[in-house]
Amino acid sequence: KERSRTVTNRLSHCGAGCVGNLTQVEPCYLEHCGGCDPCAWGDWREWSECDVHCGGGQRVRLRNITTWPSPGCPPCEAMNKEELGSCNVDPCPESELCVDGAWASWNDWEACSTSCEGGMRWRVRHVLRPATSCGQEPSGDSREEEECNKGVPCKASQDCELSAWSVWSDCSASCHGIKKRERSVLQHGYGVGKYCEGIL
């Protein structure tokens, strides 16, 4: 359903402007719509394979909406699309101990990608001890990155340098005239140095 409004008084030179929407729309439905196609959830799919064959693991199954409601009908009821379940809970034989995987130490950081103004560097690690079939894989990433040389300027800082004032020019008139002199920038400031100020 929809409703609207109009501007009855326009902004004057000292008034406040209009703020807000001129139309509003919101869903609506009747309790019993003729020919309404209601929402329908599908059946659960088959369970996935268990992630371990002994010692207790997990499996998952999914379902989706198979029929979306027609316009004006009630929306779909919020329900779970994924379900976890336990599996292969029997203990593993003594000949097959559950050993978790482990990472080796991180390698040294690689050189920074740039020598100034910020770059990236990275380091890697490898699996030191693989997990057995009923053990847990090592958690975490095999590669990590970070910023480097951030804030290091590519050019050394320097102060502004101005030239000395030139000599005064001749007066522009014999009375009520003007004369001028000027200077120039010999070196602009950079980085944390002093920047140029004043008139030229």
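Is Cys-160 buried or partly exposed? Cys-160 counts as buried, with a relative accessibility of 17%. The model is predicted, and the average pLDDT of the protein chain is 83. The structure contains four disulfides.

**Confidence**

- A pLDDT of at least 70 is reached by 90% of the residues.
- Strand β10, residues 143-148, has the highest confidence in the protein chain, at a mean of 92.
- The lowest confidence is in strand β2, residues 23-25, where the mean is 76.

**Cys-39 and Cys-76**

- Cys-39 and Cys-76 are joined by a disulfide, with 2.1 Å from S to S.
- The pair ties together parts that are 37 residues apart in sequence, because Cys-39 sits in the loop between β2 and β3 (40-41) while Cys-76 sits in the loop between β5 (65-67) and β6 (82-87).
- The torsion about the S-S bond of Cys-39 and Cys-76 is about 105 degrees, which makes this disulfide right-handed.
- Cys-39 is partly exposed, at a relative accessible area of 23%, and Cys-76 is also partly exposed, at 21%.

**Cys-50 and Cys-87**

- A disulfide with an S to S distance of 2.0 Å connects Cys-50 to Cys-87.
- This pair links distant parts of the chain, 37 residues apart: Cys-50 is in the loop between β3 and β4 (57-62), and Cys-87 is in strand β6.
- The disulfide of Cys-50 and Cys-87 is right-handed, because the torsion about its S-S bond is about 80 degrees.
- Cys-87 has a relative accessibility of 8% and therefore counts as buried.

**Cys-160 and Cys-196**

- Cys-160 is joined to Cys-196 by a disulfide, at 1.9 Å from S to S.
- The two cysteines are 36 residues apart and link distant parts of the chain, with Cys-160 in the loop between β10 and β11 (161-162) and Cys-196 in the segment after β12 (185-187).
- The link of Cys-160 and Cys-196 is right-handed, with 100 degrees about the S-S bond.
- Cys-160 is buried at 17% relative accessibility, whereas Cys-196 is partly exposed at 31%.

- Cys-171 counts as partly exposed, with a relative accessibility of 45%.

Methods:
Residues numbered from 1 in each chain as written. Predicted model: local features only at pLDDT ≥ 70, side-chain atom pairs only at ≥ 80, totals over all residues. Heavy atoms only, no water. pLDDT = per-residue confidence, 0-100. Helix = DSSP H or I, 4+ residues; strand = E, 2+ residues; numbered from the N terminus. Disulfide = S-S within 2.5 Å. Buried < 20%, exposed > 50% of the residue type's maximum accessible area, 1.4 Å probe, protein only.
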